[in-house]
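Thank you all for coming, and please have the sequence and the structure open while I talk. I will go slowly, and I will stop at a few individual residues along the way.

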Amino acid sequence: MQRRSKSVAGASRALFPMLLGCSFIASFVQSMVNVALPKMADEFSVTISNANWLIVGYMVVAAVSVMLAAFLLKRLGLRRVFFAGGAALVAGSGLASFAPDFLTLLGCRMLQAVGTGLFFPVVTSAIMANSPKENLGTRLALNSGIIAIGLAVSPVVSGLALTYFGRAAMFAVPCVLALVLLLAGFFLVRGAKGGVRVSVDPLSVVLGLVGLGALMYGLGEITHDFIPSIIALGVGVVGLILFVWRQLVLDSPLLNLRPLRSPRFSVGIVLIMVGTLISFSMSILLPLYYEGAAGYTAFFAGLLLLGPVLVNAVFTFIGGRLLDRYGIWPLLPAGLVVVLVGQAGVFFSAEGLMMVLVVAASALVYAGVGFVVAPSKTAALRQLPPDLSPHAASINSTAVQIASALGSSIFVGVLSADVLRDTAAGVTKTQAYAAGFTHTLIIAIGIAVAGLVLAFFYARALRRKGRR
């Protein structure tokens, strides 16, 4: 019996690095085209707004895949879901290397998104199920830190491959990483075999895809084509309302929304989305600014993004430790104050092309986000009983993907419209990108201000209740 216990403990220790590996490659693939949008737009003769669907479409499919993850985990078990996600990443990355046109490349990105959508909630659920309460914040923060490292490394590696070797090399990198992960997982990933007879509701899948897709299209194109965008927004809102209604009436919903009945969990999810929107505004806008306004290569733009995103990884881990030790107050509102200081620095430095100040101020933004996202996630999950943890993890992962898609649609849509309008009026490309970037940053600042107000009252309420 003792030998068996040691064997189980050893398997658990071996599983944790594999889970972190899943988070790393999922985040790597998620951000790999952030520095590639101008190059892709040129290669396929599409606008930046259209090229942005390589990110938006990815996020929409990832969000729906997140919802499917809980069903697949019950039906197939951890090991099979792991291999399904890894296979999707290998296939999507490999095929994207040789995609002959933009629509084929978009389909390959959506296939990659299936892997990301399966990996993120499974990792969170496994950590929640196997972590002592006193270390939960630290472990979730470590996972968030690994995700941040993936987000930081990806633009540099992808930019290097794209600049000097082309698109095929850029997509070959995640293909090889996924193959290595699958090989290691063959020996290390164990888990329940599933077999629970649960069924998926096809209508929910369709409503989720159509609702999110139409909403993102409407937000992204409203500055370009008003009437079709309004129609798309209406379709998206109706589709999502029907999706929510469908989940509430089903006995086995695609996405169990019961955790949202807890106001403290729901507010925590909103703050996670705020932090994600702020982080994504930097991750997607800064490469466009560096390449469009300063004329840097995709590789150099990725290098400039590396330091600030690594700062986020460090401060995410520190934020988890501070949460475990001192609680949510005043960590959460303090993080958003740091964000606002950094955003102000970027705003006043960007139009004058003061690159050193832009990089330093963006690092401050990422540092503040490190004190927001992981602590909000841990605080939200702690408000629920253990039986709701898997559903809460799926909601969290879905919310992150939706926030990322919203950020990409809104920020890139506004920036693209500004650049097209200004260049048509005779403004130089450099000036148009710089002005468009600062204009778009105002939206991110407004989101941070709203988040600060919410975080202040949320953290105070949890402190009064004696909850971390």
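**A walk through the helices**

Let me begin with Gln401, which counts as buried because its relative accessibility is 1%, and buried here means under 20%. Before I go further, please keep in mind that this is a predicted model, so every value I mention is computed from predicted positions.

Gln401 is found in helix α16, which covers residues 389-424. Leaving out residues up to four places away in sequence, Gln401 touches Gln30, Met59, Ala62, Ala63, Val66, Thr116 and Phe120. If you look for Pro174, which is 227 residues from Gln401 along the chain, you will find that the two C-alpha atoms are separated by 19 Å.

Now let us turn to helix α15, residues 373-381, which is mostly covered, since eight of its nine residues are buried. Among the buried ones are Ala374, Pro375, Ser376 and Leu381, and Lys377 belongs to that list as well. Is Lys377 buried or exposed, if we go by its relative accessible area? The value for Lys377 is 7%, and Lys377 is therefore buried. Beyond the residues up to four places away in sequence, Lys377 touches Thr124, Leu140, Asn143, Ile272 and Asn396.

Which helix packs with α15 at an angle of about 40°? That is helix α12, residues 298-326, and the axes of the two helices are 8 Å apart. At that angle α12 and α15 are therefore oblique to each other, and α12 passes α15 in a right-handed crossing. The contact is made by Thr316, Gly319 and Leu323 on the α12 side, and by Ala374, Pro375, Thr378 and Ala379 on the α15 side. Sorted by class, the residues of this contact are four nonpolar and three polar, with no charged ones.

Helix α4, residues 53-76, and helix α5, residues 78-96, have axes that come within 7 Å and cross at roughly 130°, which makes α4 oblique to α5. Here Leu72, Leu73 and Leu76 in α4 meet Leu78, Arg80 and Val81 in α5, and by class this contact has five nonpolar residues, no polar ones and one charged residue.

Let me move to the nonpolar core, where the largest one has 134 residues, and where Met170, Met216 and Tyr289 are those with the most contacts inside it. Helix α11, residues 263-292, gives the most to this core, with 15 residues. Setting aside its neighbours within four places in sequence, Tyr289 is in contact with several residues, including Ala294, Ser349, Leu353, Met355, Tyr433 and Phe437.

Leu203 lies in helix α9, residues 202-221, and at 41% relative accessibility Leu203 counts as partly exposed. Leu203 and Phe243 are 40 residues apart in sequence, while their C-alpha atoms are 8.4 Å apart in space.

The other is Ser45, in the loop between α2 (37-44) and α3 (48-51), which counts as exposed because its relative accessibility is 67%. Most residues other than glycine have a negative phi.

Notes:
Residues are numbered from 1 along each chain as its sequence is written. This is a predicted model: local features need pLDDT of at least 70, side-chain atom pairs count only at pLDDT 80 or more; totals for chains, interfaces and linings use all residues. Side-chain values use heavy atoms; hydrogens and water are left out. A nonpolar core is a set of buried Ala, Val, Leu, Ile, Met, Phe, Trp, Tyr and Cys residues joined through side-chain atoms within 4.5 Å. Buried means under 20% relative accessible area, exposed over 50%, partly exposed in between (1.4 Å probe, protein chains only). Helices (H or I, at least four residues) and strands (E, at least two) are DSSP runs, numbered from the N terminus. Contact means heavy atoms within 4.5 Å. Axes are lines fitted to C-alpha atoms, for helices over the stretch in contact, and angles run from 0 to 180 degrees between N-to-C directions. Angles under 35 degrees count as roughly parallel, over 145 as roughly antiparallel, 65 to 115 as roughly perpendicular and the rest as oblique. A crossing is left-handed if the near helix is turned anticlockwise from the far one by less than a right angle, and right-handed if clockwise. Ala, Val, Leu, Ile, Met, Phe, Trp, Tyr, Cys and Pro count as nonpolar, Asp, Glu, Lys and Arg as charged, and the others, Gly among them, as polar.
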